[in-house]
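The following paragraphs lead through one structure, taking up its strands, its backbone geometry and its charged side chains in turn. Please keep the sequence and the coordinates at hand while reading.

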Amino acid sequence: MRPLTEAETRAVFEKLGRYIGENIQLLVERPDGTYCFRLHRDRVYYVSEKLLKGAASIPRGSLVALGTCFGKFTKTQKFRLNVTALDFLAPYAKGFGVAAKSTQDCRKVDPMAIVVFHQADVGEYVRSEDTLT
Amino acid sequence: MAAAVRVEELLAAAAPGEREAPRSVAVEKELELEFDLGNLLALDPNPPPAAGLRGAGPRREAALRALARDNAQLLVAQLWALPAERAGGAAGPLVASLPEPSCRLPREKPPPKPRPPTRWEQFARLKGIRRRKRTSLVWDEQAKEWRRRWGYRRAGGDPARSWLLEVPAGADPEEDQFAKKRQEKRERVARNEFNRLRNLARAHRASTAIPAPPLHPTGHQSRQELGLAARVARVSTASLGRFQPRLPKEPVELPPRGRCSKKRRFEPVLGDLAAERGRQLELLKAMNSKKPALDITRAVNKQLREEDAEAAAAKGKKQKQRGKRGRRQQQRPARGGRKSGARRQQRPAGGNITGGKRKKA
């Protein structure tokens, strides 16, 4: 387990920034406690200080995971965000969906065209049971 | 020597009556023998007595021995016919001069493998330096005689001669020049030895090397070999490929993991969390602030460069068409073009300073 290097931090923040924009500050600096990112076996965990202190005493080989896994670094050092980060990103999200058209097409398209598909995740029907008709 | 002893044994063992009867020197053969006296070789083309050699036993042994004795007798007779002289005076041994051997014997040991050229040899070949044959004796002025170039009693190498060494102009007067000279000699010898061993190691490595796939383009390289060649080419720059632009579909090389890289140092796990937070916030600020700013200036500069390139290319074409006259005629109208106008936009401060203070002298 170790803190992220600058390059790794940059990669993580860039990815997060695509989903929550400038609200990453709210993740880094929270009023209700000190949270930090730690790297363990190529996975990035978002963990509170208290939990971190406890986990620091576990030997590296035995430690499986800690806190919340935000994502992992692939073999070629690209950062992949995991769905386990959803709880933390949802409050600040800029909207979830799958792009229906490519970036170039989005610019040229007329205002009424469908650009984003909102695909439901597994729990959405249950969560939004009341609001869905 | 062995033959002489055996003869004596035989004579002693034989009955006293038979001792007097000498063996015949004449040998009868159907075909003449071929002799290569340089190799002391006698070749007998006669077919062997078939009946005598069949079956093991004392009869076979006797037949073989008789055959050998006859052939040896003929060979010795040939040797006695050679021109001989007494070596070392009248009482010395009789020495026959053998002719050149006609049969070429095969190599006893395998031929030496070609070793790779040393660094000096490569350099010399590159520069075309050839070895100049040096004389083995050098004239020694002080001793007034010819002495050998190196070794025992060499020219100028007498230790007693260098009893005086001048202190060179810029050197420290307290420095021991003799010790310095000895030190330098030791260093030279050590360097020479080191280079010799390094050449040996290089030759050894070359001989036991695994044949690597060729990096230059042949027509028969596989995809993997081409990938290897591309990777090697990328790393073969002064910065080891760190600032090489990537081709459109070239994959990113992952940093060397495992034991290859130097030991990386990380922050401690439970270090100063406040400082870590501070650093991350600063990084965020930098990331957010950098995004729009560079883009515009970069884009504009790129645009200007492209325009310049186009103008230069157009100019070049026109010059080629018109020849030398075109260059002189083209210079004046091209100056008041888009270029200067566009530049004034980007550097207003610089333009104003020179523009405002210009006075006609």
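**Charges, strands and turns**

D172(B) is partly exposed, with a relative accessible area of 45%, where buried means under 20% relative accessible area, exposed over 50%, and partly exposed in between (1.4 Å probe, protein chains only). The model is a predicted one, in which local features need pLDDT of at least 70 and side-chain atom pairs count only at pLDDT 80 or more, while totals for chains, interfaces and linings use all residues. Residues are numbered from 1 along each chain as its sequence is written, chains are lettered from A and ligands numbered from 1 in the order in which they are written, and side-chain values use heavy atoms, with hydrogens and water left out.

D172(B) lies in the loop between β6 (145–148) and α5 (177–207) of chain B, helices (H or I, at least four residues) and strands (E, at least two) being DSSP runs numbered from the N terminus. Together with E174(B), E175(B) and D176(B), D172(B) forms a negative surface patch. Such patches are made of residues with over 30% relative accessible area and no salt bridge, like charges being joined within 9 Å and nonpolar side chains (Val, Leu, Ile, Met, Phe, Trp, Tyr) within 5 Å; accessible areas come from the Shrake-Rupley method with a 1.4 Å probe, and for residues only the protein chains shown count as cover. Lys and Arg count as positive and Asp and Glu as negative, whereas His and the chain ends are not counted, and each charge is placed at NZ of Lys, CZ of Arg, CG of Asp or CD of Glu. A patch of positive charge is gathered on the surface by R131(B), R132(B), K133(B), R134(B) and R149(B). Of these, R132(B) sits in the loop between α4 (119–127) and β5 (137–140) of chain B and is exposed, at a relative accessible area of 73%.

In chain B, β5(B) and β6(B) run antiparallel and are joined by four bridges, two strands being paired if DSSP finds at least two bridges between them. Within this pairing D140(B) stands opposite E145(B) in β6(B), and K144(B), in the hairpin with four residues between the strands, takes a positive phi near 55°. D140(B), E145(B) and R147(B) are also linked in a network of salt bridges, a salt bridge being a side-chain nitrogen of Lys or Arg within 4 Å of a carboxyl oxygen of Asp or Glu.

By this rule there are 13 salt bridges over all chains. One of them joins K29(B) and D44(B) at 3.1 Å, N to O, and this pair links distant parts of the chain, 15 residues apart. Another joins R196(B) to E193(B), with the closest N and O atoms 2.7 Å apart; because the two residues are three apart in helix α5 of chain B, they are separated by about one helical turn.

Chain A holds an open sheet of five strands in the order β1-β2-β3-β4-β5, with antiparallel pairing. Its edge strands, each pairing on one side only, are β1 (2–3) and β5 (79–81) of chain A. R2(A) stands opposite L39(A) in β2(A).

Most residues other than glycine have a negative phi. Q77(A), although not a glycine, has a positive phi of about 65°, and is found in the loop between β4 (68–73) and β5 of chain A.
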